[in-house]
Structure formats: structure tokens, C-alpha cells
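Me: I'd like to learn how to read pockets and helix packing in a protein model. Please take me through them step by step.

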Amino acid sequence: MKKLLLLLFMAMAATTFAQNQINFESGNFDFLKDQTEVNVQLKFDNAVYQEKNLTETEYVESRKAEITARKGEVVWQSWTREWERFKNTQYLEYFFKGVNSKSKKVTFRNDVKAKYTLIIDAKWIYAGWYGGMIGSQEAKLTANLIFVETDNPEKVVMKLLADKIQGKQMNPDFSWEYGRIAAAYEVTGKKLGKEIKSSIK
């Protein structure tokens with residue numbers, strides 16, 4: 001019985017250790033050694049949300065029911081605007097804040113003519129929750145980080161997996177899920193930047 005419990009504990013520990021970090025799947029960072037900039041794109045085409053793996057439409061509809069019932073239509077309209085704004089600009093800005101604070105030799109930006117493009121393809125997003133003084137649960141992000149040739153996007157030079165990267169309470173919008181998700185993008189950026197910094201001397 002003790003051996004069984006020990007094996008179960010070791011399996012759980014290994015699974016936990018594999019999460020909340022950047023895992024290498026193919027390639028290495030050598031292609032960045034002579035680069036100064038990398039273009040970045042976000043994708044949400046295949047993203048699912050929460051433990052139930054809801055589509056974005058399903059998730060937004062569930063939030064609409066909750067927010068309108070508790071806070072009214074005006075708050076819901078504001079939420080909708082912010083949800084789209086964060087998806088369109090803020091997640092990327094938070095990612096840049098994280099990655100560029102660690103990766104000093106290579107700058108990550110969007111809409112630049114760089115040789116390589118990083119595609120952040122979100123796969124699973126856990127929005128977390130906010131309980132004020134009671135406590136909060138940070139968001140988590142699982143995404144494929146795919147480096148491709150900008151002029152030939154079919155050419156993948158490196159692929160990594162950001163596995164359940166947990167955000168931190170690091171922005172004024174943390175009380176709403178888009179703020180918590182933004183924090184997960186920032187932490188993802190920091191972790192990627194640290195990997196690049198340690199690989200490119």
C-alpha cells in the first residue's frame with residue numbers, strides 16, 4: 001500500500017512539475033543568435049476555456065448570463081468591449097512586457113518586418129476567479145509557441161509548449177478575467193524570455 005501511494009505521489013509530482021513551464025518540442029534558439037527583432041501574432045482559433053473546454057462563444061454566453069443577472073446590461077456591455085480590447089491588443093502588450101524584460105538581445109514586437117515570426121496559438125485558457133479579500137485564483141494559459149519564417153509561414157523553425165502557465169496578480173484589471181488572462185500572457189513572456197536569455201549568450 002505504501003509503495004502504491006509513493007508511486008501515485010511521484011506520478012502526481014511529475015505531472016505538476018511538467019506544468020507551469022515552457023517545454024521544448026522541436027528545434028532550438030540558435031536561429032535567433034543573429035536576430036534583433038521577432039514579429040509576434042496571437043491566435044485563438046482553437047482555444048477552449050475552463051475545465052469544461054467551452055468554446056469562446058459558449059464561455060462568453062455563460063458570462064453574459066452571470067453578469068447581466070448580477071450587475072446589469074451596462075456592465076455587460078463594458079465587459080464585452082474590454083474582452084475584445086484585451087484579445088486584440090492587451091494580451092500581446094502584456095506578453096511583450098514579460099518577454100522583453102528578460103530577452104535583452106532580441107526584441108519581440110508586432111507588425112514588424114522581421115525574419116521570424118512567433119505565433120502564440122492558445123489552446124486552453126482557464127480564467128481563474130476573483131474573491132476580493134476572500135482570495136483569488138490566477139488564470140492559466142496553455143499555448144503552442146511556434147517560430148516560423150515570416151515570408152514562409154509553413155517553415156517551422158522551433159516549437160514549444162507553454163503548459164498551464166499561471167499568471168500573477170500584477171495588473172489593475174485582475175478582478176476581471178481578461179485582466180487575469182493578460183497576466184498569464186505576461187508570465188508566459190517572462191518564462192520564454194528567460195529561456196532565450198539562457199540559450200543565447
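Me: How many nonpolar, polar and charged residues does the lining of the largest pocket have?

Reply: Ala, Val, Leu, Ile, Met, Phe, Trp, Tyr, Cys and Pro count as nonpolar, Asp, Glu, Lys and Arg as charged, and the others, Gly among them, as polar. Here the lining of the largest pocket has 8 charged, 7 nonpolar and 4 polar residues. One caution: this is a predicted model, where local features need pLDDT of at least 70 and side-chain atom pairs count only at 80 or more, while totals for chains, interfaces and linings use all residues. Residues are numbered from 1 along each chain as its sequence is written, and side-chain values use heavy atoms, leaving out hydrogens and water.

Me: How much space lies in that largest pocket, and which residues are closest to its centre?

Reply: A pocket is an open set of points on a 1 Å grid over the protein atoms alone, where a 1.4 Å probe fits, with protein on both sides within 12 Å along at least five of seven lines; lining residues have an atom within 4 Å of a point. Points are joined across faces, edges and corners, and the volume is the space filled by probe spheres set on them. The largest pocket holds about 470 Å³. Its lining has 19 residues, and Arg63, Glu66, Arg70, Glu177 and Arg180 are the closest to the centre.

Me: Which elements give two or more residues to that lining?

Reply: Helices (H or I, at least four residues) and strands (E, at least two) are DSSP runs, numbered from the N terminus. For the largest pocket, the elements are H2, strand E6 (129–130) and helix H4 (177–199). H2 brings the largest share, 6 residues.

Me: What about the second largest pocket?

Reply: The second largest pocket has a volume of about 270 Å³. Lys168, Val187, Lys190, Lys191 and Lys194 lie nearest its centre, among 13 lining residues. Strand E1 (21–26) and H4 each give two or more residues to this lining, and H4 gives the most, 5.

Me: How do H2 and H3 pack?

Reply: Axes are lines fitted to C-alpha atoms over the stretch in contact, and angles run from 0 to 180 degrees between N-to-C directions. Helix H2 (residues 56–70) and helix H3 (residues 73–102) pack at about 150°, their axes 9 Å apart. Angles over 145 degrees count as roughly antiparallel and those under 35 as roughly parallel, so H2 is roughly antiparallel to H3.

Me: And how do H3 and H4 cross?

Reply: The axes of H3 and H4 come within 7 Å and cross at roughly 20°. H3 and H4 are therefore roughly parallel to each other. Their contact divides into 12 nonpolar, 6 polar and 8 charged residues, where contact means heavy atoms within 4.5 Å.

Key:
Parallel < 35°, antiparallel > 145°, perpendicular 65-115°, else oblique.
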